[in-house]
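Dear colleague,

I am passing on the structure below, together with notes on what was found in it. Please read the notes with the coordinates open beside you.

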Amino acid sequence: MIYLDNAATTSPKPQSVIRDVTNALKYYSANPGRGGHTPSIKAAEAVYKTRTAVKDLFRVSSEENVIFTSGCTHSLNTVIKGVLKKGDHVVISSMEHNAVLRPLHRLKEKGMIDYTIARVTPGDNDATVNAFRDAINSKTRLIVCTHASNVFGTILPVERICALAHAYGILFCLDAAQSAGVIPIDLSENAYDFVCCAGHKGLYGPTGIGLLLVNSDVLLDPLTEGGTGSDSVNPSMPDFYPDRLESGTLNITGICGLGAGIRFVNHHGIDKIYRHESRLIQRLYHELSSISDVELYTADPKTIPFAPVLSFNIKDCESEKVSEYLNRRYGVAVRAGLHCAPLAHRMMGTLDRGTVRIAPSIFTTDQEIQTLKIAIKNFSYNS
Ligand code: PMP
């Protein structure tokens, strides 16, 4: 199997992740912070070790501001529903994932809030920032923006959009689902108020684990309430992080696996991972440009910064048909369709049939990209 669906979740997982998940099940099957016994203390230490690794990777101000969630969707919902009050307005980009659009849309349907979609102009950051500026109004409380499109790899000018937000007294939330572990994020330099990450993509952890990094004094309303092992006499959730946002028994196996994933990323280095994956995408883009029936949607990735994700179609063909062919005939795993990002497809004119998406990882080889190219070249409408 040639796995090129790493924007959905990375696979394979590093051996160290598999080992640490197994060890967590063997040795840390206890509830951290809920007991004074040795297994509980060991579990708490293991959780703290990962919290520290996350803090160091993203240079978060303290371990307390590292919140474990079940994934980036959970993190984004926590910020959106934890910040917004009746009458608020939100600005998002035209490349947001449904993990941003759907919670906002529901709040809008309930008559709580309103939101505006700012159009991204790939390759023209001034135009993109201006679109955000035009979308802001006196009620705007939050901007949520993806760091990189999960469909087209477009990197958004998020530092400038964050500065714009702050100039208007607006909070800024970064959706780093596709960038964490691939593009550096340094909260000692970047003023993003909230950063939402998936633990299972570029950080190589298992599925079911995500991160919310808080870089602001704002005390979010919790999305879920329950036991935290702290301040238990209080019928309200604690007013301090991370406990305020971490109710219920933590996902110890996921957290230990994420810790190993982060050590794996540190070992290779984010810059090296980015260089490897983007070289493969540049090569593939170049190869696909020479196949007449292939439609590409972005500028040459050599000419513009991008996240290592490439979307294409074959003329007059459903994207699902191409992915089914690649899987059946060549054992190549790619994703087709809308990738849960209808806004991005509407913008690029691919809403009707979606795209075939290629996303390499540090494990992807030149030979695998070569096989993919041959497979695409050999595609015929009767395949
Ligand atoms: N935002 C973006 C840009 C994504 O690509 C994804 C995952 N496809 C998410 C949010 C949701 O992440 P998760 O699956 O970890 O909840």
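In which loop is N6 found? N6 is in the loop between strand 1 (2-3) and helix 1 (15-27), where helices (H or I, at least four residues) and strands (E, at least two) are DSSP runs, numbered from the N terminus. Before going further, please note that this is a predicted model, in which local features need pLDDT of at least 70 and side-chain atom pairs count only at pLDDT 80 or more, while totals for chains, interfaces and linings use all residues. Residues are numbered from 1 along each chain as its sequence is written, and side-chain values use heavy atoms, with hydrogens and water left out.

To stay with N6, this residue is buried, its relative accessible area being 5%; here buried means under 20% relative accessible area, exposed means over 50%, and partly exposed lies in between (1.4 Å probe, protein chains only). A polar atom of the N6 side chain lies 3.4 Å from the backbone oxygen of Y3, and a polar atom of that side chain lies 3.1 Å from the backbone nitrogen of S11. Both are polar contacts, a term for a pair of N or O atoms within 3.5 Å; within protein, one must be able to donate a hydrogen and the other to accept it, and residues adjacent in sequence count only if both atoms are side-chain atoms.

As background, most peptide bonds are trans, and most residues other than glycine have a negative phi.

On the matter of phi, R59 has a positive value near 50° although it is not glycine; R59 lies in the loop between helix 2 (38-58) and strand 2 (66-69) and is partly exposed, at 48% relative accessible area. C340, also a residue other than glycine, has a positive phi near 55°; C340 is placed in the loop between strand 12 (335-337) and helix 10, and is partly exposed, with a relative accessible area of 34%.

G354, in the loop between helix 10 (342-348) and strand 13 (355-358), is buried, with a relative accessible area of 0%. Although G354 and L338 are 16 residues apart in sequence, their C-alpha atoms are 4.7 Å apart in space.

Now to the ligand. It is surrounded by 13 residues, of which the closest are T73, D175, Q178, H200 and K201, a residue being near when one of its heavy atoms lies within 4 Å. A nitrogen atom of the ligand is 2.6 Å from an N or O atom in the side chain of D175, and a nitrogen atom of the ligand is 3.2 Å from an N or O atom in the side chain of H97. An oxygen atom of the ligand lies 3.0 Å from a backbone N or O atom of C72. Taken alone, the ligand exposes 390 Å², and the protein buries 88% of that (areas by the Shrake-Rupley method with a 1.4 Å probe; for residues, only the protein chains shown count as cover).

With kind regards
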